[in-house]
Amino acid sequence: MKIKRIVFILSLILMAYLSTGCGGSKQSSEAPKSESQQPAKEVVIGYTGPLSGPAAQYGQDNFNGVDMAVNDINEAGGIDVNGQKYTFKLEKLDDMADPTQAVNNARRLRDQFKTPAIFNPVFTTIAPIMEINKESGNEFLIMAYTSTPAVDDLNNELTVSIPPPFTAYVRGFSDMAWDQGWRNAAMVITLGAYGDEWRKAFKEYWENKLGGKVTADQPANYYTETDFSSQLTAALSTKPDVLVIGGPSAPTGLVIEQARTLGYKGGFILIDQAKMDYIVDDIFGGKTDLMEGAVGVAAVADIPTQMASTFNKKYNEKYKVHNTWEAVLNYCAMKALAQAMVKAGTVEDVKAIRAAFPKVFPLNGDKNPAEYYGINSTGRMLLPGAVQIIKDGKYSEPTSYVYWPKNEDEFNKLKEIMTTPNPSKYMPLENYINR
Amino acid sequence: MAVRLFFKEKWFYLLILAFALTVPFLVPGRYFFQIIIMSCLYAMATLSMNLILGYTGQASLAHAGFFGIGAYGVGLMTKAGISFWAALPVSALLAAFIGLLIGLPTLRTRGSYFAIATLCFGVIVSIIAGSWVSLTGGYTGVVGIPKPTPIPFPVIGKLSFNSLTAQYYLVLAFLLLTLFVMHRLVFSLQGLSFMAIRNNEALADAVGINTFATKILSFVIANFFAGLSGGIYASLIGSISPSTASYMLTFNWLVYLLLGGVATLSGPIIGAFAIPVLMENLQFLEEYRLLIFGVLLIVVIIFSPRGLMGVIESVWNKSKAKNPVRKAGGEYAAEGGKPDQAI
Amino acid sequence: MDLFLQQILNGIMLGSTYAVVALGLTLVFGILHIPNFAHGHLYMLGGYVTFFFITLLGFGFWTAMISSMIILALIGILVERVVYRPLRDQPHINSFISAIGALMFLETFVVVAWGPQGQRIPNPYPNPVEIGGIILTQQRLLVIIAAIVLIVLLQLFLKKTTPGTTIEAVAQNREGAMLVGINVNRVSSMTFAISTATAAAAASLVAPIFMISPSMGALLGMKAFVIVILGGLGSVPGAIFGGYILGLIEALGGGYISADYKDVFAFGALILILAIRPTGLFGREEVG
């Protein structure tokens with residue numbers, strides 16, 4: 001009896017598989033039909049990321065950036081690859097930051113849409129996708145939005161990493177905080193992959209390189225907790241000059257508020273996952289008084305490029321949410337990808353597209369909301385970390401921390417091609433100067 | 001009667017096996033192949049969960065915890081250079097052993113207490129996976145886990161597991177192994193004592209079954225297979241993180257088990273294949289997907305607590321009611337008692 | 001010393017929430033024997049309903065909170081009727097699964113309705129108060145006081161009023177209660193209504209200090225179960241003390257020992273105590 005049932009059900013499932021398979025192939029057979037009416041061909045770009053669950057907003061911000069770039073490129077008539085016009089279509093799938101689902105999605109995007117590139121913004125899902133992006137005949141590029149250097153260590157030759165490594169921010173923030181005369185730092189940083197690495201890197205740099213003191217390390221889980229008073233109380237009892245905090249932006253805002261409530265008057269360093277402008281605008285209703293003396297990633301509206309403010313405005317109108325670095329940098333990465341296709345003369349040969357990436361740079365600030373100056377051998381696109389401090393209720397002019405040139409000479413050469421006049425500082429990262 | 005015997009013939013098993021073996025030639029693409037492979041692994045996990053939850057009636061919600069222990073075991077050991085074929089059984093045994101340690105206190109409790117205690121243990125496993133940074137790599141997890149070590153064969157050379165087809169046959173073999181063990185267990189005297197405990201623990205105790213030892217045995221075997229599936233998972237997916245041990249996975253398997261059919265051998269497999277396919281097909285619904293899913297879960301548990309297999313069985317029985325040939329009682333007993341006593 | 005006292009106060013504040021939430025859960029789990037695994041999610045929904053009344057309808061804080069309690073009471077009745085009552089005579093695990101369905105639905109519903117990002121309720125009483133060198137905001141003080149008021153009112157209701165005593169009666173002897181003419185279904189509905197309304201109150205009280213997010217209920221719900229089991233199933237004082245004790249442990253443990261393993265202590269304690277006493281610290285009878 002049971003056996004018959006198994007057979008029956010198994011065949012039902014197989015039919016379901018086959019029918020969805022047909023659904024997939026139908027879609028691809030529709031494409032050539034429309035091609036005969038329009039001269040432009042369509043290239044599908046894939047996105048998989050958390051679009052539901054706790055990280056959904058983050059996933060959406062990342063998606064929006066790619067989406068906006070695709071729209072802008074298409075509105076401008078697409079790209080021209082060896083005389084053939086191409087427009088882009090963005091397919092998004094939700095993986096809830098689950099590795100199994102992310103791999104399924106990546107396979108689906110590659111299988112059904114023949115996509116040459118897939119965007120993903122979470123390290124723990126990027127890593128398993130890296131296991132499947134080099135299969136002969138089924139290669140695809142991973143456009144990875146992750147600032148952990150672990151992704152560089154994996155050295156996947158078909159991966160492009162979009163943001164600066166967080167270690168660049170560790171240096172930049174520390175440098176700016178040191179200049180304020182702060183010496184004693186207390187950490188209340190989030191638990192989680194990112195927070196762990198941050199705590200380690202900051203303590204190492206602040207104590208061993210700068211000679212400061214980390215007076216307390218009281219991590220808190222920003223993802224599950226809402227009351228940080230016990231960690232803050234313990235950290236503040238060590239009388240720090242600066243409090244190093246951060247995790248997702250919204251709870252980071254809470255931490256700032258709770259620290260101020262406990263009578264803390266000093267400065268903050270916000271790890272780069274938290275965004276100062278988001279906290280000021282969306283949590284404190286535009287007021288900067290609680291954030292006095294906060295060092296963090298520059299506000300998106302202050303990114304030192306000509307296009308940053310127009311992008312900001314357009315983004316707010318289109319998506320009705322706060323603009324973020326995720327959106328800005330994914331926008332640039334999508335533009336870079338399109339350019340790489342043009343330079344490579346193909347929209348299909350993934351290896352050629354990846355090989356053409358270095359020819360795309362510099363990505364200038366008149367057409368892009370952020371400026372990129374190159375790509376290193378492990379596939380990280382090179383952009384300085386922009387750092388600001390809030391002083392007397394105002395954001396300072398952002399300082400760009402450049403981490404990759406081998407020496408001062410190369411840094412000075414780089415300064416010449418920078419189109420923006422804001423201050424920049426050379427702060428080499430040992431792991432990156434030779435990549 | 002003739003019909004029943006017809007389906008008990010050996011060649012029917014072989015037909016299914018042949019069908020399963022030809023799957024690599026039938027699947028239309030790597031995407032579907034990937035889902036089938038993962039479904040096989042999840043079917044293993046669900047089958048083993050079925051042993052403790054379905055047949056023995058103890059709702060263990062720590063299953064993903066043991067899956068995670070197996071996954072971390074294989075991930076860390078194979079990265080340290082130990083062969084997959086040594087690391088896998090060791091990890092599964094580790095899961096079974098930790099299961100024993102956890103079972104000793106928790107299995108003294110009953111019903112909801114056991115469910116909550118095991119759920120707590122599951123959460124503890126994922127917290128430790130995230131916090132014991134020096135061992136587990138913290139929330140970044142373990143990356144770059146090698147694929148199963150190639151098996152050297154005389155004449156044909158090495159069998160490596162880089163292709164999806166090879167991976168499929170690997171998971172299929174382990175799924176069949178799991179199914180075989182479960183089948184032998186459930187239809188043995190031991191299996192009857194599992195079900196006796198589920199149906200009435202006090203009565204089972206009274207007829208001389210050592211209920212505590214029996215529950216422990218069921219729990220340990222279930223966790224062994226959870227660890228086994230976790231170990232293979234780690235090797236195939238290549239990187240793991242605390243989410244590998246997340247209780248959300250347990251909930252998923254619970255859904256597969258219940259919608260497929262609890263306390264049956266085919267139900268968990270059907271659930272583990274059908275639900276992921278359904279979920280993939282509903283991706284266009286985006287966040288509304290879980291909305292519908294939540295409602296579906298409530299509706300099924302209320303109206304058909306034995307899941308899809310329950311529905312099929314009742315339809316089958318109705319059609320057979322017209323037929324003078326009645327179903328033998330024996331199978332019912334093995335299949336899990338009366339529908340309303342499913343657990 | 002100041003540090004220690006400050007941590008104690010932090011713990012009491014945290015414990016107030018736990019106590020109120022666990023109190024609601026002990027009524028349905030301990031008295032009705034329904035493992036309402038969606039309790040934390042109903043708490044979360046309560047926070048969002050308050051948020052809705054304040055931001056969209058412009059209610060004041062207290063009006064919004066009371067309205068939210070009423071709405072959640074109605075939702076509680078609905079949940080009991082739809083999700084749990086059809087499964088009353090079935091094994092507990094079925095209710096558990098039904099609850100998982102309910103919590104998936106609730107969490108997704110909130111995401112669809114209000115988006116996945118955290119939301120803020122403007123703090124009605126943000127000014128700090130200083131008591132002997134210890135600083136806390138008025139809102140935090142308010143949470144502590146309101147929780148006590150809520151707990152006392154609930155106790156009075158259960159002990160001194162007729163509807164309250166019927167809950168006790170059903171808890172002690174369901175068949176007997178039916179025989180003397182108590183409508184058990186009505187009592188179930190009422191208990192659920194009270195349980196979810198108190199959860200809504202707890203969420204509304206802390207929302208201005210914290211933040212509300214769709215996932216805020218999951219861990220809290222689990223902790224509430226731990227408290228209820230440790231405190232003794234159906235024991236109202238057990239839930240209250242358990243709540244405060246867990247709050248204090250977390251504040252002191254998180255401040256002095258390690259935040260990473262804080263939850264491990266709470267959940268580990270549960271397993272340990274169940275090992276010694278399989279029916280909980282003050283467990284009365286076996287369930288399931």
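Author: Chain A exposes about 15,500 Å², and carbon and sulfur atoms supply 50% of that area; accessible areas come from the Shrake-Rupley method with a 1.4 Å probe, and for residues only the protein chains shown count as cover. This is a predicted model, in which local features need pLDDT of at least 70 and side-chain atom pairs count only at pLDDT 80 or more, while totals for chains, interfaces and linings use all residues. Residues are numbered from 1 along each chain as its sequence is written, chains are lettered from A and ligands numbered from 1 in the order in which they are written, and side-chain values use heavy atoms, leaving out hydrogens and water.

The secondary structure of chain A comes to 14 helices and 17 strands, these being DSSP runs numbered from the N terminus (helices H or I of at least four residues, strands E of at least two). With a radius of gyration of 23 Å, close to the 22 Å that the globule rule gives for 435 residues, chain A is as compact as a globular protein of that length; the radius is taken over C-alpha atoms, and the rule is 2.2 Å times the number of residues to the power 0.38. The C-alpha trace of chain A spans about 70 × 65 × 40 Å along its principal axes. Of its 435 residues, 64% count as buried, where buried means under 20% relative accessible area, exposed over 50% and partly exposed in between (1.4 Å probe, protein chains only). Among the contacts in chain A with a separation of 6 or more, 68% are between residues 24 or more positions apart, a contact being heavy atoms within 4.5 Å.

Turning to the rings, the structure holds 45 aromatic pairs over all chains. One of them is formed by A:F361 and A:Y372, a tilted pair at 6.4 Å centre to centre with 55° between the planes; rings of Phe, Tyr and Trp (its six-membered ring) pair if their centres lie within 6.5 Å, with planes under 30 degrees apart counted as stacked, over 60 as edge-to-face and the rest as tilted. Both A:F361 and A:Y372 lie in the loop between α13 (350–356) and β12 (374–375) of chain A, so the pair ties together parts that are eleven residues apart in sequence. A:F361 is buried, and so is A:Y372. For comparison, the rings of B:F67 and B:Y233 have centres 5.3 Å apart and planes at 50°, so that pair is tilted. Here the linked parts of the chain are distant, with B:F67 in helix α4 (residues 63–79) and B:Y233 in helix α11 (residues 211–237) of chain B, 166 residues apart.

Another backbone feature concerns A:D392, which has a positive phi of about 50° although it is not a glycine. Most residues other than glycine have a negative phi, and most peptide bonds are trans. A:D392 is found in the loop between β14 (385–391) and β15 (394–395) of chain A, and at 69% relative accessibility it counts as exposed.

Elsewhere in chain A, one aromatic cluster is formed by A:F166, A:Y169, A:F173, A:W178, A:W198, A:F202 and A:W206. The charged end of A:R183 sits over the ring of A:W178, 3.6 Å from its centre, and that of A:K92 sits over the ring of A:F63, 4.8 Å from its centre; the criterion is that NZ of Lys or CZ of Arg is within 6 Å of the ring centre and within 35 degrees of the ring normal.

Finally, A:T226 in the loop between β8 (213–217) and α8 (229–236) of chain A counts as partly exposed, at 24% relative accessibility. Not counting residues up to four places away in sequence, A:T226 touches A:L254, A:Q258, C:F210 and C:M211. A:T226 and A:T252 are 26 residues apart in sequence and 10.0 Å apart in space, C-alpha to C-alpha.
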